[in-house]
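The exercises below are to be worked with the sequence and the coordinates open. Each task is followed by a solution in steps.

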Amino acid sequence: MRQITVLGSCGAFPEPGRACSGFLVDWDGYRLVLDLGYATLPRLLARCPDGAVDAVVITHEHPDHCIDLHGLFRIRLYGGPREPKMPLYCPPGVLDRLSGLEPDVDLRAVFEVHPLPGAHQVGPFVLTGVPLPHYVPNAGVRLQANGMTLAYTGDTGPDPLLAELGRDADLFIVEATDRDGEVSRPVRNLMTSAEAGRWAQLAGARRLLLTHFWPGNDRAASVAAARVEFGGDVLAAEEDLVVPLTID
């Protein structure tokens, strides 16, 4: 089985019945999580009882991308016999942010922490973390295995590194927040769906998966705007959507 499942697709806070940023990658039984924002953990547990995943990658410290990592920490700490530490790949601010929730316990008791940005071998994947502009340190993530490339921006403003992050990707997951007034801000830390399509086209990606929708936005309109800029398939992240990780 080689696929990615959407655990959550909202930016900032979840809409009813939805969750914030999160994805579960399954590659021949190796399960890797990309982000665990608000309300993603129950969806993860429905697929991986007791949080039995092989590795977690967190792009940055904002709670709509990392808060449910603390729930996974508690499951691993209190839920049964102590297991080997789970590999966690993240910028340093993630541990600092979550440690404030429960300062009397150490997250490193559960997680084996590896820094992002950086390059790592993670199970079957070569993981490359690329610094991208946001309000806090944020690492775009590129996963490669057996000729397949999956790329994910986390949160980002427009930046030339996006073209390299998603270069020839089989699936490029790009944030498309479309927050009002975004394009007129003097410093850009988020993107529009049209910009997501433009960067996916510049990267030469094969498929584009839009995510991080601002609550209340019209997702069909976001897909339509991205299609104007991108010539490949455009999908909208929807909770429980499963996308095969195929290679042409």
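Predicted model: local features only at pLDDT ≥ 70, side-chain atom pairs only at ≥ 80, totals over all residues.

**Exercise 1. A sheet and its edges**

Give the strand order of the open sheet of seven strands, and find the strands at its edges.

Solution. 
Step 1. The order is 7-8-9-10-11-12-13, and the pairing is mixed.
Step 2. The edges are strand 7 (118–122) and strand 13 (233–236); each has a single partner strand, so one side of each lacks a neighbour in the sheet.
Step 3. From one strand to the next, the twist averages 20°.
Step 4. Helix 7 (residues 219–229) packs on this sheet and touches strand 12 (207–211) and strand 13. The direction of helix 7 makes about 160° with that of strand 13.
Step 5. Strand 10 (residues 148–152) pairs with strand 11 (residues 171–175) in the parallel sense, over three bridges. In strand 11, phenylalanine 172 is the residue opposite alanine 151.

**Exercise 2. Helix 6 and its cover**

List the buried residues of helix 6 (residues 193–203), and describe how helix 6 packs with helix 7.

Solution. 
Step 1. The buried residues of helix 6 are Ser193, Glu195, Ala196, Gly197, Trp199, Ala200 and Ala203.
Step 2. Their cover includes helix 5 (161–165), strand 11, strand 12 and helix 7.
Step 3. The axes of helix 6 and helix 7 are 7 Å apart, at an angle of about 35°, and the crossing is right-handed.
Step 4. Helix 6 contributes Ser193, Ala194, Gly197, Arg198 and Gln201 to the contact, and helix 7 contributes Ser222, Ala225, Ala226 and Glu229.
Step 5. Just after helix 6, glycine 204 has a positive phi of about 75°.

**Exercise 3. Cysteines**

Solution. 
Step 1. A disulfide requires two cysteine sulfur atoms within 2.5 Å.
Step 2. The cysteine sulfur closest to that of cysteine 10 belongs to cysteine 20 and is 5.7 Å away, which is too far for a bond.
Step 3. Cysteine 48 is in no disulfide either; its nearest cysteine sulfur, in cysteine 66, is 19 Å away.
Step 4. A search of the whole structure finds zero disulfides.
Step 5. Cysteine 10 is buried, with a relative accessible area of 0%, and cysteine 48 counts as buried at 1%.

**Exercise 4. Histidine 65**

Is histidine 65 buried or exposed, and which residues does it touch?

Solution. 
Step 1. Histidine 65 is in helix 2 (residues 63–66).
Step 2. Its relative accessible area is 0%, so histidine 65 is buried.
Step 3. Leaving out residues up to four places away in sequence, histidine 65 touches residues including Asp35, His60, Tyr152, Asp155 and His212.

Note on methods
Residues numbered from 1 in each chain as written. Heavy atoms only, no water. Helix = DSSP H or I, 4+ residues; strand = E, 2+ residues; numbered from the N terminus. Buried < 20%, exposed > 50% of the residue type's maximum accessible area, 1.4 Å probe, protein only. Contact = heavy atoms within 4.5 Å. Pairing = 2+ DSSP bridges. Axes fitted to C-alpha atoms, helices over the stretch in contact; angles between N-to-C directions. Left-handed = near helix turned anticlockwise from the far one by under 90°.
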